[in-house]
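Work through the exercises below with the structure open. Each task is followed by a stepwise solution.

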Amino acid sequence: MITEKDVQSRVEITPLNGNEILVNMGPHHPSTHGVIRFILYLDGEICVRAVPDVGYLHRSIEKIAEGMPYSFFMPYTDRVDYVAAVNCNLGYALAVEQAAGLEVPERATWLRMLGSELNRINSHLIGVGALAMDVGATTPFVHAIREREYIMDLLEIQTGTRMNNNYVRFSGVCQDVPQDFFSKTEKFLNHFDLFLGEFDRLISTNKIFVERLKNVGIVTGDQALSYSFSGPNLRASGIGHDLRRLDPYCFYPDMDFDIPQGVGIKGTVGDSYDRYIVRIEEMVESVKIIRQILSKIKEGPIQSKVPKKLVLPEGETYHRTEAPRGELGFHIVSDGKSTSPYRIKIRTGSFASMTSLAEVFKGMMVADVVAYFASLDVVAPEVDR
Amino acid sequence: MTTENIYMLVYGVIYLLLLAVTAGILTVVERRIAGRMQSRIGPNRVGPQGAIQFVADVIKALQKEDIIPTDAYGFLFKIAPYLVFMGVFLTLVPIPFGAYVLMEDLDLGIYYVLAMSSYVVIGLMIGGWASNNKWSLLGGMRSAAQKISYEIPAALAVFIVVAMAGSMNFQKIVLAQGASPVDWFVFRNPFTFIAFNIFFIAALAEGNRVPFDIPEAESELVSGYNTEYSGMRFLFFFLAEWGNLVVIGALVTCLFFGGGTFWYEWVVSIPAPGREPLQFEVLGFFWFLFKTFFFVFVIIWIRWTLPRLRIDQLMDVCWKYMVPIGLFSSLGIVIWMYVIPENSGIDRVVRIVMTSLGALSVVYFHYRVYRNMKVTKAVFYANPFV
């Protein structure tokens, strides 16, 4: 049993009024996906106040970066968001390339996009599956995981590993793909279209599932901006903000894809169901993008010359990409002399999502707390880094 | 001790063992079914096709340290699982698995079952409270609210059956039905069909099964009332839950699906059920078990498909829909029975129409499954033992 004294050591605790009870949800709790902790003040089933407590998975990734050359930091970016590792690799590589002014061969860019879109599907599968599981449906989660296995098989062919791919290099990628990779990807996409239909019939249109998510945890567009939401969570609130369009990188301007937005399909704009359905639609869009990549990719070099001792010019650089959980920005400060960064700051979508919890949780039921939190698709290592 | 008492004791021990073993097997069956639904195998290592996995599980649980939290209320914490198990086990007493396969032929059988099933609440609440854990307490309170609420629609549904059968004795309720689907209460008239649906849903809710498993809602309350339990005591909660599946299946079979009545009259000219030769008695017993386990399968199937309701939605379903519909139907059945006498022409037509509708819905279901499989290009693996 936790005492108030234990809690006070980390977060400020306010006195309990009336019938309130203090409940410690996490850091080890089935629905907090990793180690995230909320301190809930419950009045019966209603959550009166809530204090999110982050930091249990802090690994000083940003500090580690200061002690090593730029290229050595690449494997650490995998661990920023282990569900979407290639996206994080890509974000870091693009930031360094922007600062150093490095050129990237065409095929390498295509491969990067391919990897990151595959990883986006991978990540959204986990997101929607975990959401389904948190509202009590186990089977959709396992089905999502099953499809994710196929993606991880593809990623294994492409990058050499299933997770924590460490795929992207400065000015290139670490390895080219084998000949049959594209046909295998095509085969997977054909299968995945069918799967998405089945998944929708199984859970997306399920009455109980819709009832559990609609009008729960409504975040309006203004609120979402004030919480500095980004990515799918922001789009679900009705703001069509996608960095692949607004601040393009790689060959995304050439790609033909839609930006799904929350329209309150079952309830209100910005409710949990919108966040769910935006992710489902984004998977469809990612499939579209991958198909285009497959048709456009050409033979060519995958790596261009990078100086052995990479020293970034003095100054600051910030580059942002659209990761599955929102804007992933790498802010690199270089002193112009050292081969390692002076400071790296990583801006992640999950951390921004966490800022909304204290306000949105107010007045929710315990079951909704879980549903709202799952609908944000927060990954613990991305929050704490 | 009289001879009768000794017989009762022997029966009791046999029932207890049978229920425990059945519940154990059901855990394995459930996991295998879940595995099949989730594109995985499930337990298949211990024994042929994992059939005695539950023995291994029990042995494992028995070896665990019996942990009682320091701040828990020791005595109540200890007895809670047994109260729950007892509540489930005692409901089996008046259920006729066959004309002779029952422990006690109670005239107030249905009252008894309703009373005993609410007994479980006490155990769950004690378990939740005595654990001195807030998650457990929340789970215990939720289960109390849920079970007591759903007693009412269940009782209303049962009332309809009692009105039809004119008795609260399970044997007589079974005898009031027949072997053919047209004679089953579920297809007798629209009100009994509603009663069946209400009863089945309420039974799911009382058994803490998905979509009504909010007392142990894993993602919300960690594990609800049994969070602090481990080893043997946890096993008893577990046994009670799976034993309850059998109870739900058996009750539904008895009340709405004609119990173990078989088509004796088609085979031999002995019209009076309850006086068949032994082989037909055995046949009826297995027929009853078949129906029971069909419903157990349906419950398992529902569990691995549906999400969980929220507590207020759960209460809405009960008080805003099921109770009014149940009241309406129990009024309706009385009028129906007054207006349309049994075995009149209209009654027969209604029965046949209802049964055909039931059969049609089964056909439609299979068509939907077939179409879905076509759309998703799914492959059908007929062999359940892969």
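**Exercise 1: the second largest cavity**

By class, 7 nonpolar, 3 polar and 2 charged residues make up the lining of the second largest cavity. The model is a predicted one.

Task: state the volume of the second largest cavity and find which element gives the largest share of its lining.

Solution.
1. The volume is about 80 Å³.
2. Elements of chain B that give two or more residues to this lining are α3, α4 and α9.
3. The largest share, 4 residues, comes from α9(B).
4. Among the lining residues are B:Phe237, B:Ala240, B:Glu241 and B:Asn244.

**Exercise 2: the largest cavity**

Task: describe the largest cavity by volume, lining and class.

Solution.
1. The count comes to 5 cavities of 30 Å³ or more.
2. The largest has a volume of about 200 Å³.
3. Its lining has 17 residues, and the closest to the centre are B:Ser117, B:Glu206, B:Asn244, B:Val247 and B:Leu251.
4. At least two lining residues each come from α3 (74–90), α4 (109–130), α5 (134–165), α7 (190–206) and α9 of chain B.
5. The classes are 11 nonpolar, 4 polar and 2 charged.

**Exercise 3: a residue of α9**

Task: decide whether B:Leu245 is buried or exposed, and list its contacts.

Solution.
1. B:Leu245 sits in helix α9 of chain B, residues 231–256.
2. Its relative accessibility is 1%, so B:Leu245 counts as buried; the cut-off is under 20%.
3. Setting aside neighbours within four places in sequence, B:Leu245 contacts B:Leu26, B:Glu30, B:Arg209, B:Val296, B:Ile299 and B:Ile300.

Technical notes
Residues are numbered from 1 along each chain as its sequence is written. Chains are lettered from A and ligands numbered from 1 in the order in which they are written. This is a predicted model: local features need pLDDT of at least 70, side-chain atom pairs count only at pLDDT 80 or more; totals for chains, interfaces and linings use all residues. Side-chain values use heavy atoms; hydrogens and water are left out. Buried means under 20% relative accessible area, exposed over 50%, partly exposed in between (1.4 Å probe, protein chains only). Contact means heavy atoms within 4.5 Å. On a 1 Å grid over the protein atoms alone, a cavity is a set of points where a 1.4 Å probe fits but cannot get out, and a pocket is an open set with protein on both sides within 12 Å along at least five of seven lines; lining residues have an atom within 4 Å of a point. Grid points are joined across faces, edges and corners, and a volume is the space filled by probe spheres set on the points. Ala, Val, Leu, Ile, Met, Phe, Trp, Tyr, Cys and Pro count as nonpolar, Asp, Glu, Lys and Arg as charged, and the others, Gly among them, as polar.
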